[in-house]
Amino acid sequence: MKVSLRQLEIFRAVAAELHFGRAAHRLRLSQPTVSKELARLERALGVELFVRSSGGTALTGEGAELLEQADRVLEAAQQLERSAAAARRRRTSQVRVAASPSVVNRLMPQLLRELERHHPDVEVTEVEVDTGGVTAALDAGAAEVGLGHHVAAPAHGSVRTIGHDELFVIAAESVVGQGPTVGLDRLADVPLILWPREQSPIYHDAVLEICRSRGLEPLLLTGTSRVSGSRSYLLREGRAFALGPRDFARSESHGVRAAHLSPRAHVPLDLAWVEPPSPAARTLMARARSLAPSPPP
């Protein structure tokens, strides 16, 4: 075959950038390599794909038409690779799970214990990610299954809500008091620690909406990839509060306590996976569903 996938990738990159230097940078190739491979592709196809002039680079009519064909060929090649990867997974009992911080402390230990007890042949590798990082891990091929809150569907997979976790106010006792519940309206002067919105927009907005629906327009402290992270001392010193599942409160147990919101609030627990799931992934997913907390009444 005279045309290679590499040449088609170069063709697509130059068409996207309309600049040989930027396309070379995008592909991590040298500019002479990009020019040489593109020239070979044009010779193999017998058409000119780009018009090059002092004013810049532009697709020819033939180039625009053939670009659509190139996209289909590259997508087919990627699908071939995904199918081959799925076939390899089916030959094994291994599965990788991307888990967000609030899942690591309760659900994942329970899930691993259940699998060890009932499915000792399934080998699980846990991939811990920051809040909002589950989908990215699946898209990058770092995991086949993901668990977290407000998870978006991966590009080549699905997502399903399997339960709901109650949100708690996590702070020093001087902030939340000694009672079992706390109204957010009493925290108007205490900053809320929250991850940057771009990290998980849906989850971020959902937390803020819960605050606003309870009469609080919170003062925000952002900038860390996790809810508290390096700023956890602010929770212990009573200078901030966080909202998270009880499992997060347990991970921050030293110097803080968890109080129910009044009224209570919940966030969806989502299970995401890459299609098609392997037998090991299906087994793990079934166990995860059985362990998920029930939806609120």
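**Contacts, aromatic pairs and a pocket**

Beyond residues up to four places away in sequence, Ala-99 touches Val-104, Met-108, Glu-126, Val-127, Glu-128, Val-129 and Leu-147. In this predicted model, Ala-99 belongs to strand S3, which covers residues 94–99. Ala-99 counts as buried because its relative accessible area is 0%, under the 20% cut-off.

Turning to the rings, three aromatic pairs are counted. One of them joins Phe-11 and Phe-50 in an edge-to-face arrangement, with 5.8 Å centre to centre and 85° between the planes. Distant parts of the chain are linked here, as Phe-11 lies in helix H1 (residues 5–17) and Phe-50 in strand S1 (residues 50–53), 39 residues apart. Phe-11 is buried at 1% relative accessibility, and Phe-50 is buried at 0%. Trp-195 and Tyr-203 form a tilted pair, at 4.8 Å centre to centre and 55° between the planes; both residues are buried. Ring pairs also connect Phe-11, Phe-20 and Phe-50 into a cluster. Elsewhere, the charged end of Arg-289 sits over the ring of Trp-273, 6.0 Å from the ring centre.

Finally, the second largest pocket has a volume of about 260 Å³. Its lining comprises 15 residues, with Arg-82, Leu-138, Asp-139, Gly-141 and Val-274 nearest the centre. Seven of the lining residues are charged, six nonpolar and two polar. Helices H4 (61–90) and H7 (134–139) each supply at least two lining residues, and H4 gives the most, with four.

Key: Residues numbered from 1 in each chain as written. Predicted model: local features only at pLDDT ≥ 70, side-chain atom pairs only at ≥ 80, totals over all residues. Heavy atoms only, no water. 1 Å grid on protein atoms, 1.4 Å probe; cavity = no way out; pocket = protein on both sides within 12 Å on 5 of 7 lines; lining within 4 Å. Points joined across faces, edges and corners; volume = space filled by probe spheres on them. Nonpolar A, V, L, I, M, F, W, Y, C, P; charged D, E, K, R; others polar. Buried < 20%, exposed > 50% of the residue type's maximum accessible area, 1.4 Å probe, protein only. Contact = heavy atoms within 4.5 Å. Phe/Tyr/Trp six-rings, centres within 6.5 Å; stacked < 30°, edge-to-face > 60°. Lys NZ or Arg CZ within 6 Å of the ring centre and 35° of its normal.
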